[in-house]
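Me: I'm new to this one, so could we go through it together, one topic at a time?
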Amino acid sequence: MEIDTLFRIASMTKAVTSVAVMQLYESGALMLSDPVSTYLPAFATMEVLAPPERGGVEYTLEPARRPITIRHLLTHTSGISYRFLSPPHLASYYVDAEISDGLSQTAGTIGEMVDRLARLPLAHQPGALFTYALGVDVLGRVIEVITGETLADYMAAEIFEPLGMVDT
């Protein structure tokens, strides 16, 4: 390792994406209470994979009681999960939809992956529990929709360049 060795920042992109969202909040481009479906209509009608009733074995789908908001995505309370952190009954949905595991390179665009993610059931009702998840990836797509730029271009111009982070 050298003094200028570069490292993958992995989940630290969550913090940078959150900074970008808060910049858009400060500028009035979005509100934390906004439903995600305001920007990504595919999230308008979400379902939750509900556990079996007492003594039962089958999971059922039930409608989400409230919309996922920007705040839910920022605080990991949206009900979206990671495939590798999901309970087995939910993980298979992520595998079948070819949802990124968040660790390896994924083919396609963030928009394509988020569209597939919007078709999957949630692990729990929005706002009910903390689940470390791909919700911040969804925020990345919200940033793209609001700004009309790719997430990488927005971050470069609004965060990395002003801070002199030339290798990020």
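Me: To start with, what volume does the largest pocket have?
Reply: Keeping in mind that this is a predicted model, the largest pocket has a volume of about 1000 Å³.

Me: And which residues lie nearest its centre?
Reply: The lining of the largest pocket is made up of 30 residues, and those nearest the centre are Arg8, Ala10, Thr13, Asp137 and Leu151. Two or more lining residues come from each of α1 (12–26), α4 (110–117), α5 (135–147) and α6 (151–163).

Me: Which element gives the most to that lining?
Reply: That is α6, which gives five residues to the lining of the largest pocket.

Me: How do the lining residues divide into nonpolar, polar and charged?
Reply: In the lining of the largest pocket, 14 residues are nonpolar, 12 are polar and four are charged.

Me: Switching to the surface, which residues make the nonpolar patch?
Reply: Phe84, Leu85, Leu103, Phe130 and Tyr132 make a nonpolar surface patch of about 520 Å². One of them, Leu85, sits in the loop that runs between α2 (70–74) and α3 (88–96).

Me: How far apart in space are Pro41 and Leu139?
Reply: From C-alpha to C-alpha, Pro41 and Leu139 are 13 Å apart in space, while in sequence they are 98 residues apart.

Definitions and conventions: Residues are numbered from 1 along each chain as its sequence is written. This is a predicted model: local features need pLDDT of at least 70, side-chain atom pairs count only at pLDDT 80 or more; totals for chains, interfaces and linings use all residues. Side-chain values use heavy atoms; hydrogens and water are left out. Patches are made of residues with over 30% relative accessible area and no salt bridge: like charges are joined within 9 Å, nonpolar side chains (Val, Leu, Ile, Met, Phe, Trp, Tyr) within 5 Å. Accessible areas come from the Shrake-Rupley method with a 1.4 Å probe; for residues, only the protein chains shown count as cover. A salt bridge is a side-chain nitrogen of Lys or Arg within 4 Å of a carboxyl oxygen of Asp or Glu. Helices (H or I, at least four residues) and strands (E, at least two) are DSSP runs, numbered from the N terminus. On a 1 Å grid over the protein atoms alone, a cavity is a set of points where a 1.4 Å probe fits but cannot get out, and a pocket is an open set with protein on both sides within 12 Å along at least five of seven lines; lining residues have an atom within 4 Å of a point. Grid points are joined across faces, edges and corners, and a volume is the space filled by probe spheres set on the points. Ala, Val, Leu, Ile, Met, Phe, Trp, Tyr, Cys and Pro count as nonpolar, Asp, Glu, Lys and Arg as charged, and the others, Gly among them, as polar.
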